[in-house]
Amino acid sequence: MNQRELFLRHVAQTSPAPLALEIVKAEGCSLYDAAGKTYIDGIGGISVANTGHRHPHVLAAIHAQLDAYLHIMVYGEFVETPQVRYATLLTQHLPASLNAVYFTNSGAEAVEGAMKLAKRATGRTQIIAFDQSYHGSTQGALSIMGDEYWRNAYRPLLPDILHLTYNAWPSLDAITSRTACVVMETVQAEAGILVPDKAWLQALRQKCTDTGTLLILDEIQAGFGRTGTLWGFEQMGIVPDIILLGKALGGGMPLGAFIADKKIMDLFTVNPVLGHITTFGGHPVSCAAGLAAMELLLDNAGNCSPLIKDVKEKEALFLSKLKHPLIREVRSFGLWMAVEFASFEINKKIIDSCITKGLLTDWFLFAPNCLRLSPPLSISLSEVEQVTDIIITTCNEYDSGIF
Ligand code: PMP
């Protein structure tokens with residue numbers, strides 16, 4: 001049996017039709033498969049590879065940590081330098097109230113920890129989330145997922161969850177002094193890059209403050225320069241009470257985090273002690289890799305490096321090139337784009353044909369008619385042109401009935 005057949009037989013599957021590309025090497029914006037074919041990575045592992053695949057600075061940090069130690073003790077007991085250095089850098093680049101980092105293994109675990117923390121901090125039980133949101137697949141994160149089709153098969157889920165319409169003013173009335181927290185994405189990713197009105201987000205922030213509700217912003221896809229600033233919320237003029245990070249946080253290694261004020265984070269240490277624990281959260285190799293990746297996003301003065309500063313120029317080039325009668329709309333927020341077609345069937349044909357031409361893209365969970373673009377931020381202008389040329393050529397082929 002070849003590798004693909006063994007993959008289908010022995011590796012648990014998540015859909016009846018996985019892409020099943022057999023990648024043997026990744027570097028920068030390129031993926032190389034077992035047959036020697038090269039692909040431009042148009043999605044960066046879904047917003048993970050922000051600094052490009054296997055950046056030498058990240059690899060050097062991983063190698064150095066391998067020579068020091070791997071896992072040595074459950075999270076929170078030992079002074080582990082990679083965690084300390086990374087938590088320090090992260091909090092230096094966040095508002096003063098976000099000063100204590102809890103490292104997890106994944107994004108979903110960060111969601112779980114943050115929801116528990118909000119219950120402790122407020123003594124309340126109601127959690128508000130939004131339709132078309134995705135926060136992870138564990139049972140707590142699934143409970144706040146914004147679509148009944150995905151939730152229903154796994155009921156009973158967490159009680160006292162209320163789903164509201166995103167970016168809709170009447171939703172704000174539902175946030176009351178009974179609400180422990182509002183969990184939301186700064187920009188809804190899987191809905192196909194839905195950017196909320198700044199005024200609505202600011203009013204939501206105010207409503208949370210007025211009712212003593214914690215605002216938990218999920219920046220698991222939005223963080224680390226994806227939007228053209230280090231954090232997406234910077235462009236919205238708000239500060240969350242808790243921020244959720246993942247994906248690019250680990251520089252290609254598994255890592256998640258929720259970050260809050262130490263005053264509330266310390267609630268996990270008492271009544272009961274060990275209120276939230278994890279064996280591998282904040283793995284030293286993951287923290288070393290993530291720290292190195294974040295260093296690449298900053299210059300020597302601690303400001304955004306060109307990887308972030310150039311996002312808007314690259315986004316503008318994408319938008320100027322992605323024009324075709326088949327494309328109904330392109331929604332974007334930085335190097336984070338949804339190219340909308342009339343149907344999933346058209347989108348799927350375009351995606352499949354792009355893959356045969358050496359461009360890897362994907363669709364969105366709640367917007368199957370939209371093609372996803374979230375390339376490494378290190379993508380060059382000429383690679384942007386290659387990506388858009390392939391998409392436009394494929395649209396022309398579709399129009400002329402070639403496939
Ligand atoms: N929140 C958002 C916005 C995500 O995109 C994801 C992952 N796609 C998660 C949470 C969950 O992260 P993980 O897969 O690491 O559990």
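Helix 8 (residues 198-211) lies across strand 5 (126-130), strand 7 and strand 8, and runs at about 160 degrees to strand 7. Contact here means heavy atoms within 4.5 Å. Helices (H or I, at least four residues) and strands (E, at least two) are DSSP runs, numbered from the N terminus. Axes are lines fitted to C-alpha atoms, for helices over the stretch in contact, with angles running from 0 to 180 degrees between N-to-C directions. The model is a predicted one, so to speak of local features takes a pLDDT of at least 70 and side-chain atom pairs count only at pLDDT 80 or more, while totals for chains, interfaces and linings use all residues. Residues are numbered from 1 along each chain as its sequence is written, and side-chain values use heavy atoms, with hydrogens and water left out.

Seven strands make up an open sheet with mixed pairing, in the order 4-10-9-8-7-5-6; two strands pair if DSSP finds at least two bridges between them. Strand 4 (100-104) and strand 6 sit at the edges, each pairing on one side only. From one strand to the next, the twist averages 20 degrees. In general, strands of a sheet pair through backbone hydrogen bonds, either parallel or antiparallel. Strand 7 (residues 179-185) and strand 8 (residues 214-218) go for the parallel sense, over five bridges. Cysteine 181 stands opposite leucine 214 in strand 8, and valine 182 has leucine 215 as its bridge partner.

Strand 8 is largely enclosed by the rest of the structure, because five of its five residues are buried. Buried means under 20% relative accessible area, exposed over 50%, and partly exposed in between (1.4 Å probe, protein chains only). Leu214, Ile216 and Asp218 point one way from strand 8, Leu215 and Leu217 point the other way, and all are buried.

Next up is a helix pair. The axes of helix 12 (residues 311-321) and helix 14 (residues 381-399) come within 10 Å and cross at roughly 25 degrees. That makes helix 12 roughly parallel to helix 14, where angles under 35 degrees count as roughly parallel, over 145 as roughly antiparallel, 65 to 115 as roughly perpendicular and the rest as oblique. On the helix 12 side, Glu313, Lys314, Leu317, Phe318 and Lys321 meet Leu381, Val384, Glu385, Val387, Thr388 and Ile392 of helix 14. By class, this contact has six nonpolar, one polar and four charged residues. Ala, Val, Leu, Ile, Met, Phe, Trp, Tyr, Cys and Pro count as nonpolar, Asp, Glu, Lys and Arg as charged, and the others, Gly among them, as polar.

A cis peptide bond, with omega about 5 degrees, joins arginine 155 and proline 156; proline 156 belongs to the loop between helix 7 (148-152) and strand 6 (161-164). Asparagine 271 and proline 272 are also joined by a cis peptide bond, with omega about 5 degrees. Proline 272 is in the loop between helix 9 (262-265) and helix 10 (284-296). Leucine 274, in the loop between helix 9 and helix 10, has a positive phi of about 60 degrees although it is not a glycine.
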